[in-house]
Amino acid sequence: MLKKEKRSVLQEIIIVLIGGLLMGMLWRARGEHGWGSESGVLMVGFVYTLFSMVILGNRKKMDLGWFAFTVSSFVLTTPAWGTLLSQITGTLRASATVDEEVLTADISVFSAVFMMLCLGFGMATLFGILLGRGYSDKQWKLRDIILLVAVFYAVDLIAKASVAHWVIQAVQPEAAELFEQGLRKAGIEGSAYSVYMEHFASIPWGKKIHGGRNYFSEVQVVANAIKTLVCLLFVRFVIKDKTAAKIGFAVNGAFAISITVADLFFFFTNGGLREAFAPYTGTFIYAWSNWEYFTGFIAGVIITAVLLKCKPTEDVHELAFANVPEKAKRIFIFLGGFGVIAVNIIRPAVLRFDTTDTSTVIGVMIGVILAVAALILFIRFAGINAEKCGMENLARVLLAFFVGFIAVFYLFICTEEYRNILEINTLHTILFSVSAVLCLAWSIKEAVKIRQIQQ
């Protein structure tokens, strides 16, 4: 069954709140040095999926190997959003790496909201679907995985070469016009579309031209939203997995809502309410940091509520990779499962100490020591494929550890310039700290249940 224990309404409300607080602190940490970009969303998917296992219990379709595959899929959809966040103020700003001048254009707030919705909806395409796959009763075959990935990449290429440009022209033509103005300024002939196709999807090249970074980013963002919709329809009507499609839509829809609503912080501080918020901006309220936290919090609340309300399904084994020799499969599963654990330990430990040679050595030593200790404990407690304890119990232990690990490194253990405890008087640091304490307390409480379950 999908849910193995009956909970009261109060218990479910608490779990939904914890889901929001957890995703909030994770998404805020994701933006910090040591996590960031693809590795940052890997960490978010990794820890939140552990949380889902704790609240929903063991599933044969979410063994260690499928767990690693699911959380790793999050890194495949990490769009650029640097130029999109301030659009809600009604102004599109365009800079270039080779010129300090900033070009601007007036845009409608509607077009800015549309772009943010597309950004969020295309945020976690495969992760949302694969998370849902783990809690469904539809047995996927290898061809289903291959076809889904093929659709994912094919639609991405097609959309970036065609549909995305038409959508931008219809919703926010100023983006193309500003890019073309930047092209003329740089002495380059051609339309926004023709130059984009010549430097297909190369945001680093686009950054050299005024308006290029924004236009290239918008094309990718719109393409991501299109391929997410197509992938969800493919899962629902071709693979015919209702649960995976439902949870996938909930995950991507949640990010569409959260990333857009949280963008109001840029309107508060840089837009129509900037005068009222001026005394707090840059001292107590930092738009970007609070946008990150509330993006995670709102998405976490919605996704957790949907997971708790999913109807119970039969617990079945997955068919994909079922014919792989057992010994090879066990080794592959271990490498994938422990790999995502090790990466989420070593990378932040190393990078948050990367200011000097000495501090880098300290970070490497801490990361390696923690990873080796985790390896020893993992094998002793869980077994090479978590067969000793089961994924739910493993998730309980790992969740408590990583909530504490992320909180301590985010706040304290790093070189001084990255030590966020020094900004404890800011709203985002207060929110992160409160979230970390409450999530850690809840995680430890759940980890204690391991002994009770084993008995």
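**View 1. Arg352 is buried yet forms no salt bridge.** Buried means under 20% relative accessible area, with a 1.4 Å probe and protein chains only. A salt bridge needs a side-chain nitrogen of Lys or Arg within 4 Å of a carboxyl oxygen of Asp or Glu. The nearest side chain of opposite charge to Arg352 is Glu32, 4.0 Å away. Lys and Arg count as positive, Asp and Glu as negative; His and the chain ends are not counted. The model is predicted: local features need pLDDT of at least 70, and side-chain atom pairs count only at pLDDT 80 or more, while totals for chains, interfaces and linings use all residues. Residues are numbered from 1 along each chain as its sequence is written, and side-chain values use heavy atoms, without hydrogens and water.

**View 2. Arg352 sits in the loop between α16 (326-351) and α17 (357-381).** Helices are DSSP runs (H or I, at least four residues), numbered from the N terminus. A polar atom of the Arg352 side chain lies 2.7 Å from the backbone oxygen of His33. Residues up to four places away in sequence aside, Arg352 touches (heavy atoms within 4.5 Å) residues including Trp35, Phe409, Tyr410 and Arg419.

**View 3. The structure has zero disulfides.** A disulfide is a pair of cysteine sulfur atoms within 2.5 Å. Cys118 is in none; the nearest cysteine sulfur, that of Cys231, is 15 Å away. Cys118 is buried, at 8% relative accessible area.

**View 4. Cys310 is in no disulfide either.** Its nearest cysteine sulfur belongs to Cys231, 19 Å away. Cys310 is buried, at 3% relative accessibility.

Conventions. Buried means under 20% relative accessible area, exposed over 50%, partly exposed in between (1.4 Å probe, protein chains only). Helices (H or I, at least four residues) and strands (E, at least two) are DSSP runs, numbered from the N terminus. A polar contact is a pair of N or O atoms within 3.5 Å; within protein, one must be able to donate a hydrogen and the other to accept it, and residues adjacent in sequence count only if both atoms are side-chain atoms.
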